[in-house]
Amino acid sequence: MSEPLLAGLGAADGYHLWSESYDRDLSDVFAIQTEIAQKLVAALRVTLSRQEREHIQRRGTSNAEAYDPYLRGQAHLRDGTDTEMNPAIEFFREAIRRDPRFA
């Protein structure tokens with residue numbers, strides 16, 4: 001299924017800096033995410049180090065069902081409290097159950 005996706009960046013004063021629309025199959029949302037990051041860097045004329053470029057292209061998983069609990073775990077982890085550690089760990093374990101190579 002192909003759906004239009006809009007990506008854009010505006011300045012604090014409302015000035016339009018960059019936007020682009022994508023009409024892609026959302027089954028590979030990770031490829032779209034990488035492409036948007038690369039185009040954003042180019043539009044902003046930012047120079048990235050080799051390590052930063054590699055980080056943009058690196059994928060931990062291409063399994064969206066594993067990526068979702070990973071993101072949920074990250075949200076709990078960012079809270080930084082002891083009470084949020086156990087839920088974070090459980091979400092990370094679920095992500096690994098869904099994609100064992102996603103450690």
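**Elements.** I looked up the secondary structure and found 4 helices and 2 strands in the protein, where helices (H or I, at least four residues) and strands (E, at least two) are DSSP runs numbered from the N terminus. Read from the N terminus on, the elements follow the order β-β-α-α-α-α.

**Basis.** I note that this is a predicted model, in which local features need pLDDT of at least 70, side-chain atom pairs count only at pLDDT 80 or more, and totals for chains, interfaces and linings use all residues. Residues are numbered from 1 along each chain as its sequence is written, and side-chain values use heavy atoms, with hydrogens and water left out.

The protein exposes about 7700 Å², of which carbon and sulfur atoms supply 52%, the areas coming from the Shrake-Rupley method with a 1.4 Å probe. For contacts (heavy atoms within 4.5 Å), I noted that, of those in the protein with a separation of 6 or more, 35% are between residues 24 or more positions apart.

**Helix α1.** I checked the span of helix α1 (residues 29–44): at 1.5 Å a residue its 16 residues should span 22 Å, and its end C-alpha atoms are 22 Å apart, which agrees. The expected span is 1.5 Å times one less than the number of residues. The buried residues of α1 are Phe 30, Ile 32, Thr 34 and Ile 36, and just after α1 I found Arg 45 with a positive phi of about 55 degrees.

**Salt bridges.** I found 7 salt bridges in the structure, each a side-chain nitrogen of Lys or Arg within 4 Å of a carboxyl oxygen of Asp or Glu.

One of them joins the side chains of Arg 72 and Asp 68 (2.9 Å, N to O); both residues lie in helix α3 (residues 64–79), 4 residues apart, about one turn of the helix. Arg 72 is partly exposed at 45% relative accessible area, and Asp 68 is partly exposed at 34%.

In helix α4 (residues 82–98) I looked at Arg 97 and Glu 94, which are 3 residues apart, about one helical turn, and whose side chains meet in a salt bridge (2.9 Å, N to O). Glu 94 also forms a salt bridge with Arg 98, the closest N and O atoms being 2.6 Å apart, so I recorded Glu 94, Arg 97 and Arg 98 as linked in a network of salt bridges. Arg 97 counts as exposed at 53% relative accessibility, whereas Glu 94 at 21% and Arg 98 at 39% count as partly exposed.

Key:
Buried means under 20% relative accessible area, exposed over 50%, partly exposed in between (1.4 Å probe, protein chains only).
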